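Subject: Handover of a structure and its findings

Dear colleague,

Please find below the structure that I am passing on to you. I would be grateful if you would look through it alongside the notes in this message.

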Amino acid sequence: LHSMFCSLARSTRPMAPLQWGRSFSSTPMCMIKIAFIGAGKMAEAMIAPLKRPGPHFPVVPTIMIREISPKVTNQVLTAYPGVQNSLDYDDCVHNAEVVVVAVKPQNLEEVFEQLKPAIAASPKEPIIVSICAGAPMSSFVLGCGTEKIVRSMPNTPATIEQGVTVWTTNSRAMFTESEIEITRHLLGCLGMEVRVDDEKFIDMATSITGSGPAYVFVMVEAMVDTAVHMGFSRDIATTLVLQTILGSTQYAMATKEHPAILKNSVTSPAGTTASAMYTLEKGQFKTVISDAIWSCYRRSLEMGGQCSNVGPGRIRPSPMAPRGEFPDMPQ
């Protein structure tokens with residue numbers, strides 16, 4: 001692994017497959033450079049574990065940020081000594097192996113105007129890792145002037161390294177095995193990472209993992225408020241609800257049983273849980289959750305300029321319709 005990072009830092013030529021999991025030698029590790037365009041909460045969640053050697057990213061890289069907010073810049077520089085601030089894109093991207101784009105989707109066009117020439121001027125062709133919701137890879141190919149694009153969708157638990165990030169690479173680009181592994185380890189800093197083979201799954205994941213925590217928090221809020229209404233203090237109510245959800249999640253992961261089987265194991269005939277399940281079914285609880293997820297998915301497609309006429313009761317576009325410049329990407 002040490003030799004892999006050293007080789008990548010010295011050259012952008014394709015490398016032979018390398019063995020992972022080897023012990024590091026006692027000699028000082030070479031440095032690679034990761035540039036962050038935008039240094040908000042999700043970027044900071046990635047920077048935090050990068051500043052300490054660990055199992056996901058064992059080399060402490062050179063980290064440079066380009067952030068327009070002085071407040072955010074000061075927060076990051078204060079919290080993570082050694083992170084360097086750049087006042088221009090050229091300096092930030094110069095000789096970077098990886099460029100993480102972590103800005104709001106509505107600001108991408110403005111960012112691309114300055115990022116594209118900076119990438120072209122850099123001696124190395126970096127991997128561009130997008131963590132921008134709803135922005136398709138085609139926009140990054142055009143906006144950055146390179147095809148070496150990775151599109152990812154992290155979620156907010158990543159801020160405590162408990163997230164799940166779904167990601168994919170541009171099928172038109174040639175990624176070396178080492179570049180794939182560096183990307184995997186970089187995104188692994190945020191928690192679990194799951195690579196998919198088609199960009200369409202990123203928009204789908206936006207509605208499941210990206211926005212999913214909000215669905216959970218709404219249920220937590222409802223359960224806590226009801227417990228308080230019953231007479232529990234808010235502190236105790238919050239503890240009871242959060243531990244119930246945490247324990248139930250861990251139990252489901254440990255047993256690997258279908259959720260319906262786990263639900264039935266809690267539901268006794270004519271019992272209290274059965275009464276609660278009846279009320280949830282009467283209120284179409286699962287249908288409301290499903291509709292919310294489909295609505296989120298459609299909005300993600302719309303943000304990427306794609307057809308959002310998908311989901312139950314929707315008429316799908318004709319498969320013979322023109323596919324545009326990137327036929328392997330959803331339109």
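The notes below describe a pocket, a surface patch, several salt bridges and some individual residues.

Please bear in mind throughout that this is a predicted model.

The second largest pocket

This pocket has a volume of about 770 Å³. Its lining is made up of 30 residues, and those closest to the centre of the pocket are Gly 40, Ala 102, Val 103, Lys 104 and Pro 105. Three helices, α2 (41-50), α5 (108-121) and α8 (200-210), each contribute at least two residues to the lining. By type, the lining residues comprise 16 nonpolar, nine polar and five charged.

Met 219, Met 223, Leu 280, Phe 285 and Ile 289 together make a nonpolar surface patch of about 370 Å². Two or more residues of the patch come from each of α9 (212-230) and α13 (285-303). Ile 289 is located in helix α13. With a relative accessible area of 33%, Ile 289 is classed as partly exposed, because the partly exposed class lies between under 20% for buried and over 50% for exposed.

Salt bridges

How many salt bridges does a search of the whole structure find? The search gives nine. One of the pairs is Lys 124 with Glu 97, whose side chains meet at 2.4 Å, N to O. This pair links distant parts of the chain, 27 residues apart: Lys 124 is in the loop between α5 and β5 (127-130), while Glu 97 is in the loop between α4 (89-93) and β4 (98-101). Are these two partners buried or exposed? Lys 124 has a relative accessibility of 12% and therefore counts as buried. Glu 97 is buried too, with a relative accessible area of 6%.

A second salt bridge joins Glu 181 and Arg 184, with the closest N and O atoms 3.7 Å apart. Both residues belong to helix α7 (residues 177-188), where they are three residues apart, about one turn of the helix. Glu 181 counts as buried at 18% relative accessibility, whereas Arg 184 is partly exposed, its relative accessible area being 26%. Arg 184 also meets the side chain of Glu 193 in a salt bridge (3.3 Å, N to O).

Residues with positive phi

Glu 161 has a phi near 60°, which is a positive value in a residue other than glycine. Glu 161 sits in the loop between β6 (149-153) and β7 (163-169), and at 31% relative accessibility this residue counts as partly exposed. For Ala 270, a residue other than glycine, phi is likewise positive and near 60°. Ala 270 is found in the loop between α11 (259-266) and α12 (272-282). The relative accessibility of Ala 270 is 84%, so this residue counts as exposed.

A residue of helix α5

Ala 120 lies in helix α5. Its relative accessible area is 66%, so Ala 120 is exposed. The C-alpha atoms of Ala 120 and Val 93 are separated by 9.7 Å, and the two residues are 27 residues apart along the chain.

Yours sincerely,
A colleague

Terms used
Residues are numbered from 1 along each chain as its sequence is written. This is a predicted model: local features need pLDDT of at least 70, side-chain atom pairs count only at pLDDT 80 or more; totals for chains, interfaces and linings use all residues. Side-chain values use heavy atoms; hydrogens and water are left out. On a 1 Å grid over the protein atoms alone, a cavity is a set of points where a 1.4 Å probe fits but cannot get out, and a pocket is an open set with protein on both sides within 12 Å along at least five of seven lines; lining residues have an atom within 4 Å of a point. Grid points are joined across faces, edges and corners, and a volume is the space filled by probe spheres set on the points. Helices (H or I, at least four residues) and strands (E, at least two) are DSSP runs, numbered from the N terminus. Ala, Val, Leu, Ile, Met, Phe, Trp, Tyr, Cys and Pro count as nonpolar, Asp, Glu, Lys and Arg as charged, and the others, Gly among them, as polar. Patches are made of residues with over 30% relative accessible area and no salt bridge: like charges are joined within 9 Å, nonpolar side chains (Val, Leu, Ile, Met, Phe, Trp, Tyr) within 5 Å. Accessible areas come from the Shrake-Rupley method with a 1.4 Å probe; for residues, only the protein chains shown count as cover. A salt bridge is a side-chain nitrogen of Lys or Arg within 4 Å of a carboxyl oxygen of Asp or Glu. Buried means under 20% relative accessible area, exposed over 50%, partly exposed in between (1.4 Å probe, protein chains only).
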